[in-house]
4 protein chains.
Amino acid sequence: MLSFRNDYSEGAHPSVLHALEAINLEQMPGYGLDRCCQEAADAIRSLCAAPEADIHFLVGGTQVNKTAIAAFLRPYEAAVAAESGHICVHETGAVEQDGHKVLTVPAADGKLTPSLLQGVLDSHSGEHMVLPRLVYLSNTTELGTVYSREELSAISDFCQKNGLLLYCDGARLGAAMAAGDTTFADYASLCDAFTIGGTKNGLLFGEALVIVRPALRTHFRHCMKQQGAILAKGWLLGVQFSAILQNDLYLELARHAKAQADKIRAAFQELGIPCLVDSPSNQIFPVLPLEKAAAFQASCACEVQQKVGDDGLCVRLVTSWATKDSDINALVKLLRAL
Amino acid sequence: MLSFRNDYSEGAHPSVLHALEAINLEQMPGYGLDRCCQEAADAIRSLCAAPEADIHFLVGGTQVNKTAIAAFLRPYEAAVAAESGHICVHETGAVEQDGHKVLTVPAADGKLTPSLLQGVLDSHSGEHMVLPRLVYLSNTTELGTVYSREELSAISDFCQKNGLLLYCDGARLGAAMAAGDTTFADYASLCDAFTIGGTKNGLLFGEALVIVRPALRTHFRHCMKQQGAILAKGWLLGVQFSAILQNDLYLELARHAKAQADKIRAAFQELGIPCLVDSPSNQIFPVLPLEKAAAFQASCACEVQQKVGDDGLCVRLVTSWATKDSDINALVKLLRAL
Amino acid sequence: MLSFRNDYSEGAHPSVLHALEAINLEQMPGYGLDRCCQEAADAIRSLCAAPEADIHFLVGGTQVNKTAIAAFLRPYEAAVAAESGHICVHETGAVEQDGHKVLTVPAADGKLTPSLLQGVLDSHSGEHMVLPRLVYLSNTTELGTVYSREELSAISDFCQKNGLLLYCDGARLGAAMAAGDTTFADYASLCDAFTIGGTKNGLLFGEALVIVRPALRTHFRHCMKQQGAILAKGWLLGVQFSAILQNDLYLELARHAKAQADKIRAAFQELGIPCLVDSPSNQIFPVLPLEKAAAFQASCACEVQQKVGDDGLCVRLVTSWATKDSDINALVKLLRAL
Amino acid sequence: MLSFRNDYSEGAHPSVLHALEAINLEQMPGYGLDRCCQEAADAIRSLCAAPEADIHFLVGGTQVNKTAIAAFLRPYEAAVAAESGHICVHETGAVEQDGHKVLTVPAADGKLTPSLLQGVLDSHSGEHMVLPRLVYLSNTTELGTVYSREELSAISDFCQKNGLLLYCDGARLGAAMAAGDTTFADYASLCDAFTIGGTKNGLLFGEALVIVRPALRTHFRHCMKQQGAILAKGWLLGVQFSAILQNDLYLELARHAKAQADKIRAAFQELGIPCLVDSPSNQIFPVLPLEKAAAFQASCACEVQQKVGDDGLCVRLVTSWATKDSDINALVKLLRAL
């Protein structure tokens, strides 16, 4: 059966796996204090043009969001996110578990704007309310939409003017860069901290956290350990990131996923099947006629997003670095047959 | 200057103060393990026709909400509340500070319904999302609206069918009973736990928590102590509640506040000034013409609720057990002059 | 029956109660933003010779310890306390509930020393361990012992040299000043924050928190509200503190308690009954012969501290501002009869 | 340079790595809901003779301890551990971060006993103290000592009689089984929950949590997700555990480590160098003469445990599945040369 369920359905890109094999029996110091992590961190600092940034390697996306936000906020401070934000919906209240409210704003396309943020600030004042302090956004968003450099800049400016921290969840940062106009260096110059997702772009696992703002760096490893987020064999993360960041491989894989998604989008357009949201990245949200949906799902594994009206079902299709041309062809054939 | 700022602007009703004076130098055991608290608890159990209920006395409203919700929920469980709910807006994230998400639903009149709750259940499933578990409502609501017995029953039924706990914040329970058709016994039969507010109805301070459901009673005093919510001289709470619950005084004071509010409502109606929401209780939300608002506020202290359109300002006026006829007359006169 | 159970067995000193009565029906703004709290805060700043200090009024001791420590520490930072410290033993893990470890050191007399603190620092390093950050001490201690100005100064110096915050729990600060050589101003000059206990020295309830260090002051009221620790009718605290701090009444009451305790100590000495610890303040810990203990307890209510060897029972006797000469005489008579 | 720093200095045992390679490009459902995790769980249930147990796979040791304890306890409940326990010392207050106190007892050999536990119960009562509820022990302990089946049984009996949960941290469970008389099935019959450590016995990473007691199983995956502890590509854990549990490989690797450690112990004994504690497992704690310590450390990487008296330095040497005979020979030679 076909599957476009997500972009983390396979193990690692072969070059990542080879790097792990090559180092397997070499003795290493634990907890990320090894030369592989050092090298990967240097590579990231260089790509980001952020020679002073602190780089930490964590295993998973919820873990890194939770650890960073808990470390960055004081008890009464809140995060602000789009209603569809990953921390609001799909992390089982991980941020709240560490004591912080997440303030949400509706955003049909999953994207924050200065104007939406201003609304949050306007409605919060005084000690009987939480203090909005950290803006959480994800690029790409959970709806596959993408912030442009200009949009990010506008939010970054707004945050600076209003004493807000800007944190970008880059679980799909590769997808965002492949589908938009941002670069690693843009994130480093516009955000206070952001992540570079590995799990969804060719690694077995791993998210790199880049902390740009000096005040947020203090004792971050204490916070990681307290959250159970320091990997004992930390070099596994450094090795993987070094492998994927070499020779532009990270972006190459992301561009492949984007190109495969573009073919699917073209097929839906040709067939006149609309999408819930106009997403240019590796996530596509077609709204299938309800009477065709079951047949489609029987042949192609994917997530159901939501019902649309009385007779539409929106599903999510995701491509990845591992999506083969044969998968695309089979999908297009399936769609035409329906 | 006139003040209709809130219903906790004065100290205690004289009979409450007298009771405190009478017992002032008597030696008592600490932490609420005294005969006064025992007597007050018995009085509440009797009023509520709930002979098995556990009764605890706490100092304040945020404290009792926070302590109860933290005690009742497991880590991944969430509270559900109307967007205007006190725990969502005006408690500085106290529930989140203890680790729990508060799921909110928009409700123009501040009232939950089974249908709104069903929407929350429909959109939450699986371990990547919090589990909606406790329904928080307040009666009266933060908008002065009142749940009827029938409405409460419908919510209670819904909760029972769906494995949800029902918690009623009764900071203004007197106001709700004075303006609606519910009784103490209704809350005990329909809720798993609820509070009887003292601060806003004649006490110096104090909220009584009634825990009806047996499974929620276990070790609750441990939870109170851990939250810093056991008053050393606990009898101060028992004495006050005993005084206010005698001779129907609690309801009598609430009815006074309601009657005074009715006079204000009549004045607004007569003058053709609309209200933001149709509230029958001791909170009134008139929408003043913007050009008159400043003059009004210069003569009458009150909270600003929100702007309404381009030329309206909604303010909140609150009456209490202590509102004098002369205050009402002065207010009506002021309104007419404007 | 006689009772020396504790120093919070009665209501308020008459002058405190009168102050509350006098203001009872005056309308006041809520949450401590009233002139009474302002006046009391000014009085404290003046007594402490700390014109810049922030003063907050909270209801109870566990509440103020918990709120302050949660506000002052980052997530990975720990408090350090003597094993007998109130936060370690008798607050049901309130500090831990907010996420912070309490590191303990054994101290037979309940008192910390620079040398004991050095031991904690020596055994903590690196990100796999919590970071000792706040030194918690209580004066008087839970064993009735008292830090002298010199001892406090030594600890204060140690803290400054080692980047530690010094927090003094002054639930019995009056007792400490009555039995030792410290003054209000000493605490303000030696501690980063400390409390002035009202509950155990003549108030119905109330602890004043004095925050001296500027960096600890930020948004403290947000932290209070989040902990459910802002009293709605906040002026009740200001009024009481103003009353007790006038005309040296606070110290006068504490000296009375100390004088009464001295008489009890003399009686034990005369009878050859030893004490568990040599406490000069209003708490006395006689070790009764086991065969006499039951008879004693049958006539005099008190807390049992611990067994001592095979045939001793240590109990705790506490005097207060309300302890009458007749109580002392009856106790001495009882002891002689045994 | 030689290294006996720890038992997680290399990657994975070759058969584990091969298993990962074999499955690398196969598409899998995420979050551990795949057939590999299912197979590994079945293998564990079978080894443990616990057909009803729930099995969860997590990445790291601190993570699994933290997640399990937070899931198992109510807010006011505490864990009890030996003073040297991993959760007390080396997890940066991870348990406290989730709100729970860890009560500690001194134990020179790192092992709890019923008598030590009784002491904790005797000193805790009432709502002013936390409620001891979960006994945490590790086998092997942090000092390399090992609980026998009889010792575990005695603790298990004590826990059952006193309403305590028994949790065994099996980060080095293989080492415990290799050096003692316990089996997988013993843990399942004596503990309420325990872990089977992979990180320190041949896996890249991974700890299996076995939850035996039915009441502890509810919604555990919600707790995992909330802690950021569900691995996206969860099958990586299932595949590794399946590989290591086949053909007795898990125990075989542990026995190898133990045999290598025995050779080192023999060398120390022959040279008359004492150990801090008599540990029969893969951790050895020789007390080196202080004047020889620097030379030793210059040639052999290891952790410093503590100073002993004025002229001894205790270091920790750890062997693993990967320790080669040549390493042992070189170490023995080095020791003799010193």
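1. Strands 6 and 7 of chain B. Cys168(B) stands opposite Phe194(B), a residue of strand 7 of chain B. The two strands, strand 6 (residues 165-169) and strand 7 (residues 193-197) of chain B, pair in the parallel sense over 2 bridges. Strands count as paired if DSSP finds at least two bridges between them. Helices (H or I, at least four residues) and strands (E, at least two) are DSSP runs, numbered from the N terminus.

2. Basis and confidence. This is a predicted model, in which local features need pLDDT of at least 70 and side-chain atom pairs count only at pLDDT 80 or more, while totals for chains, interfaces and linings use all residues. Residues are numbered from 1 along each chain as its sequence is written, and chains are lettered from A and ligands numbered from 1 in the order in which they are written. The model scores ipTM 0.97 and pTM 0.97. Chain A has a mean pLDDT of 97, with 100% of its residues at 70 or more. pLDDT is the predictor's confidence in each residue, from 0 to 100.

3. Sheet of chain B. Chain B has an open sheet of 7 strands, ordered 2-8-7-6-5-3-4, with mixed pairing. Strand 2 (54-58) and strand 4 (102-105) of chain B are its edges, each pairing on one side only. The twist averages 25° from one strand to the next.

4. Helices on that sheet. Helix 2 (residues 35-48) of chain B lies across strand 2, strand 7 and strand 8 (207-211) of chain B, at about 125° to strand 2. Helix 3 (residues 61-72) of chain B also packs on the sheet; among the strands it touches are strand 3 (77-82) and strand 5 (131-138) of chain B. Its direction makes about 20° with that of strand 8 of chain B. Axes are lines fitted to C-alpha atoms, for helices over the stretch in contact, and angles run from 0 to 180 degrees between N-to-C directions. Contact between two residues requires C-beta atoms, placed from the backbone, within 7 Å.

5. Sheet of chain A. The order is 2-8-7-6-5-3-4 in an open sheet of 7 strands with mixed pairing. Strand 2 of chain A pairs with strand 8 (residues 207-211) of chain A in the antiparallel sense over 5 bridges. Ile55(A) has Val210(A) as its bridge partner in strand 8 of chain A. Helix 7 (residues 149-161) of chain A touches strand 5 and strand 6 of chain A, at about 145° to strand 6.

6. Helix pair in chain A. The axes of helix 12 (residues 249-271) and helix 14 (residues 325-337) of chain A come within 10 Å and cross at roughly 10°. That makes the two helices of chain A roughly parallel, a label for angles under 35 degrees. Residues meeting here include Ile264(A) and Leu271(A) from helix 12, and Leu331(A) and Leu335(A) from helix 14. The contact divides into 7 nonpolar, 1 polar and 1 charged. Ala, Val, Leu, Ile, Met, Phe, Trp, Tyr, Cys and Pro count as nonpolar, Asp, Glu, Lys and Arg as charged, and the others, Gly among them, as polar.

7. Chain A with chain D. The contact takes 39 residues from chain A and 40 residues from chain D. Helix 1 of chain A gives the most to the chain A side, with 4 residues. That side holds 16 nonpolar, 17 polar and 6 charged residues.

8. Chain A with chain C. Here 13 residues of chain C contact 13 residues of chain A. On the chain C side, helix 10 of chain C gives the most, with 5 residues. The chain C side divides into 6 nonpolar, 4 polar and 3 charged.

How values were computed: Angles under 35 degrees count as roughly parallel, over 145 as roughly antiparallel, 65 to 115 as roughly perpendicular and the rest as oblique.
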